[in-house]
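Have the sequence and the model open side by side.

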Amino acid sequence: MLKSLDPRVNRLALPEEFEAPMASKEQLDQFETYQAFVQTKEGKPFEHAGIVHAPNEEMAFLFAKEQFSRRGMFCNALCVVKTELIQVTEFTDNGQDVYDTLEGNYSGETSESFEVFHLLKRGKQHKYIGNVQAKDFEDGLLAAKETYSRDKPVLNVWITKSENILMSDEEDVDIWNTLKEKKYRDAIDYRAADKIKAFKEEQAQG
Amino acid sequence: MNQEAIKDLLYKMADDQLILGHRNSEWTGFGPLLEEDIAFSSMAQDKVGQSWQLYKILNELGESDPDIVAFMRNADQFHNSQFVELPNGEYDFSLIRHFLFDTAELIRFQMLSESSFEPLANLAKKIKGETKYHSMHAKIWIKQLGSATEESISRLQGSLDEAMPYAFGLFEVSKFEQELIDTGIFAGEEALKALWKNATTEVISETRLTLPDMESITPVFGGRYGSHTEHLQPLLDEMSEVFKVDPTADW
Amino acid sequence: MYGGGNVFETMKATALAEEDPIKLAEFEARIDRGEKIEPTDWMPQLYRKQLIRMIEQHGHSEIIGALPEGTWITRAPGFKRKLALMAKVQDEVGHAQLLYSAAETLGKPREQMIEDLISGKSKYSNIFNYPAFTWADSCFISWLVDAGAIVNQLANSKGSYGPYCRALERICAEESFHLKYGHHCVIHLATGTKTQREMMQAAVNRWWAPMMHFFGPSDKISVHSEILMRWKVKMASNDECRQQFLDMYVPKIWELGLTIPDENLKKNEATGTWEFTEPDWEEFKRVINGDGPCNKERLAVRRMAEERGRWVRQALLAPQAKYVTPLA
C-alpha cells in the first residue's frame, strides 16, 4: 500500500504500484462547455467570467456559481450559455470596428430575440450590451449595428438566442448574501504587522 | 428562557455542521470533476463557517472559546448525529448524505428564522441563501444521477438504503424538546422530520430511485446524547492533531 | 501556484520557414503594438504548441499543487486556519480549471490534458514532488511557494495570449489571499512558542533547496528562447525571477529570526544581485524525471480521483454531448 503523509490518501489504500496503465479516457469523457457571465451589482453589465464543463445547463449554473462568484463583496446575478449556441463574429484589431465589416441592412423583423455581447479591447472580457429582435443571427448582428451607438470600436461580438440563456432567478439573489462575510477568503483578513513589530522589539531587547 | 435547552440545541446543530463540513472537505482535490470539486468544497466551507457561528453564540452564552470547544472535546462530548461522522465512502454515499442532510438543514433553518431566540433567528436569516444553494445543488445532482445509468442508479440506491436509518437519527429528540417547542425557540424534531419526509420524497419521486419504507425504518439514535460510532474519535484526533501540540499557542 | 523552468520544446529549424511570411509579419506586428492575440487569430504553429505546453503545465502544477497542502486540510489548527486552508486548496483546483480552459482555447481538450498528466507525458512544477511533513511545511508552501509563483505569474500576465492573461488576472487576485494567509501562518509560528519556532525552522531547512530549484536552471540564451521572448510567450528569465524572489522575500524571512540553510546567501551590494550556492541541478533533473520523493504518490492520487469519478462522469454524459472549444 502506498504510504502517504496525507491521512486522506492513506484511507484510500492505494496500491504501491498500479498493475496496468489507466484505461484511456474515452473521447466521450468530455462534457459540453458553457460560457459564464457574472453581474456583480444591479445595473452593471454582465461580464464574461470564464467557462465551465458541465453535462447540462442546470449543472453549468451550479458550477459557475462557485467557480466564478465565490469571492468578492457582491454578486447580483449569473447566467450561463452553452458555447455551441453562441455565434461569433470575426476579431478585428484594436481600433477597427467589426460592425463596419458587416454588409446588408437589418430586416426589421422581430420574430426572434437575441442577446448581444461586445469586446472593446483585446485581452479584456466580453460585456453584455443588450437585447435585439431579428429574424436570424446575421440579422441580429445588423440590428445590433443599428441599435447600439459605438463610441469605441467593437472588436468582436457574441450573439445568442435569448432562450439559450439560463439566468439566476431574481428571488435567488440571496445565494450571494454571505459573500462579504467570508473574510477568510480575503487578503485583508491576514494583517500581522503588529506581531512582527512586537517580535523585533523583543529581539532587540535581547 | 432555559439556557440549557438552548445550548443543547446549539451544540447538536454546531457539531453536525462541523463534522459534516470536515468530512466533506476530505473531497477537496479528489473530486469526480474539477468543477464539482470546487462546488463541494464551498459547501464544506459554508458548513464549517456555520458551525463557527453557532459556537460563537454558545460562547456568548458562557461556553468556552469556539476553537477550544471544537478542537478539545472528545467524542462522547459531541452531540452530532452519527450520520455525519460516517466515512465519506464513494461519491454516491457523500452525495446521498449531502442530499438528506442538507434538505433537513434548509428546513431546520427556515423554521429557526422564526425562533424566539433572537441570535439563532438572525443567523438563520443570514445564511438562508447558503442553505438554499446547498439544497439546490443536492437536488440537481440526485435528480441527474438518480435517473442516469444503471450503475449510478444502483449506487445511489445502495447508499440511500444504507443512509436512511442514520438520516432518521438526525431527528433524535432532545430531553428539552417540549420546552423548546413551548417557548417558541424551535418547533421540534418531529415537525422538522415530517416536512423533511415530504421534501425528500418529492425529489426521489422524480428519479428512478425508491425510498425505503419510512415506517419500517429503525432510526440510529444516540449521537445527540454522546454515543457515537468508532469513526468519530479518530476523526477528532486527526482534526486536532496540530492544535493539541499546544492548545494555548497562537497558531 | 507555479514555478518557472518551463520545459519548452526545441524548435525545428524549418518550423518558422514553413509559416506564411505575410501572416507571420502581421502576427508579430500585433504583438509589437502590445495587442493581445485571441483564440481565432492566425498564429504560428510553434506559438500555439509552446503556449499549450506552458499553460497546460501551469494547470497541472495547480491541480498537483493542491496535494502537498491538502495533506494538512483535515488538520489545520483552529477555525480560522481550517477555513482558510480549505479555501486555499480549493483555489488551486479552481486555478487548474481556469488554466485548462485557457489552454483549451488553443485546441487541446481538457480530458486529453488530464490523461497526459496521469500517464506522465506532461510535466508539472517540480516542487510539488516534495512532501509536507508538518503543518509548518504547509505554511511554507502557502507563503513562499506561492510568492515564487506570483513572481512568475505576474510576469506571464503581461504576455501576448489573451485567454492566458485573463486567467492569470483572476489567479493573481486570488494569490494575494494565499500569500497573506501563508505569511500570517509563518509569522505566528516563527514568533510563537519554542516548539512552533523549531517546527517552522525545520520546514525552511527542508524547503529551501526545492525553492531555489523552483525557478529552474539559468536559461540558455538560444535563438529559440529569443523568439519566445519576442512573441511574449516567455516573459522573464529564470534567473530574473529567482533574483526578484530573493530580493522580496529573503529579508522578510530573516526579519522573523529564521535562518536560511545557505551560508553563501547574501546580496552583493555593489552589483545589487543575490549570491548563493549553486543549486544541485542533478537532483532537479532526477526529480523532474520521476525520481522525487512524491512523484509516484502525486500521480497515483490524480489517477485515483479520475478512476473513482469515472462512473459519475459517465452517468452524466449525454450521448449527444458535443464538446466545443471555449471561446475565450
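K36(C) sits in the loop between α2 (21-32) and α3 (45-70) of chain C. Helices here are DSSP runs of H or I with at least four residues, strands are E runs of at least two, and both are numbered from the N terminus. K36(C) is buried, with 21 other C-beta atoms within 10 Å. Buried means 20 or more other C-beta atoms within 10 Å of a residue's own, exposed means 12 or fewer, and partly exposed lies in between, with C-beta atoms placed from the backbone.

This is a predicted model: local features need pLDDT of at least 70, side-chain atom pairs count only at pLDDT 80 or more, and totals for chains, interfaces and linings use all residues. Residues are numbered from 1 along each chain as its sequence is written, while chains are lettered from A and ligands numbered from 1 in the order in which they are written.

**Around K36(C)**

- Leaving out residues up to four places away in sequence, K36(C) touches R122(A) and G123(A) in chain A, and S160(C), Y161(C), G162(C) and C165(C) in its own chain.
- Touching, or being in contact, means that the C-beta atoms of two residues, placed from the backbone, lie within 7 Å.
- K36(C) and L98(C) are 62 residues apart in sequence, and their C-alpha atoms are 18 Å apart in space.

**Chain C against chain A**

- Here 57 residues of chain C contact 50 residues of chain A.
- On the chain C side, α4 (79-104), α5 (110-118), α7 (162-190) and α12 (295-316) each supply at least two residues.
- By class, that side has 26 nonpolar, 13 polar and 18 charged residues.
- Ala, Val, Leu, Ile, Met, Phe, Trp, Tyr, Cys and Pro count as nonpolar; Asp, Glu, Lys and Arg count as charged; the others, Gly among them, count as polar.

**Chain B against chain C**

- Here 43 residues of chain B contact 36 residues of chain C.
- Helices α1 (3-25), α2 (34-60), α3 (66-72), α7 (128-145), α8 (150-168) and α11 (232-239) of chain B each give at least two residues to the side that touches chain C.
- The largest share of that side, 11 residues, comes from α2(B).
- The side of chain B that touches chain C splits into 20 nonpolar, 12 polar and 11 charged residues.

**Chain A as a whole**

- Chain A has four helices and eight strands.
- Their order along the sequence is α-β-β-α-β-β-β-β-α-β-β-α.
- The radius of gyration of chain A is 24 Å, well over the 17 Å that the globule rule gives for 206 residues, so chain A is more spread out than a compact globule.
- That radius is taken over C-alpha atoms, and the globule rule is 2.2 Å times the number of residues to the power 0.38.
- The C-alpha trace of chain A spans about 80 × 60 × 40 Å along its principal axes.
- Of the 206 residues in chain A, 37% are buried.

**Nonpolar core**

- The largest nonpolar core has 215 residues, and those with the most contacts inside it are A36(A), A64(A), F140(C) and V186(C).
- α4(C) gives the most to this core, 14 residues.
- Such a core is a set of buried Ala, Val, Leu, Ile, Met, Phe, Trp, Tyr and Cys residues joined through C-beta atoms within 7 Å.
- Not counting residues up to four places away in sequence, A64(A) touches Y34(A), A36(A), V52(A), L78(A) and V80(A).

**Helix pair in chain C**

- α7(C) packs with α8 (residues 194-214) of chain C at an angle of about 125°, with the axes 7 Å apart.
- That makes α7(C) oblique to α8(C).
- Axes are lines fitted to C-alpha atoms, for helices over the stretch in contact, and angles run from 0 to 180 degrees between N-to-C directions.
- Under 35 degrees is roughly parallel, over 145 roughly antiparallel, 65 to 115 roughly perpendicular, and the rest oblique.
- V186(C), L189(C) and A190(C) of α7(C) meet Q196(C), R197(C), M199(C) and M200(C) of α8(C).

**Positive phi**

- A13(A) has a phi near 50°, positive in a residue other than glycine.
- A13(A) lies in the loop between α1 (7-11) and β1 (32-39) of chain A.
- With 9 C-beta neighbours inside 10 Å, A13(A) counts as exposed.
- K232(C), with a phi near 55°, counts as partly exposed, with 19 C-beta neighbours inside 10 Å.
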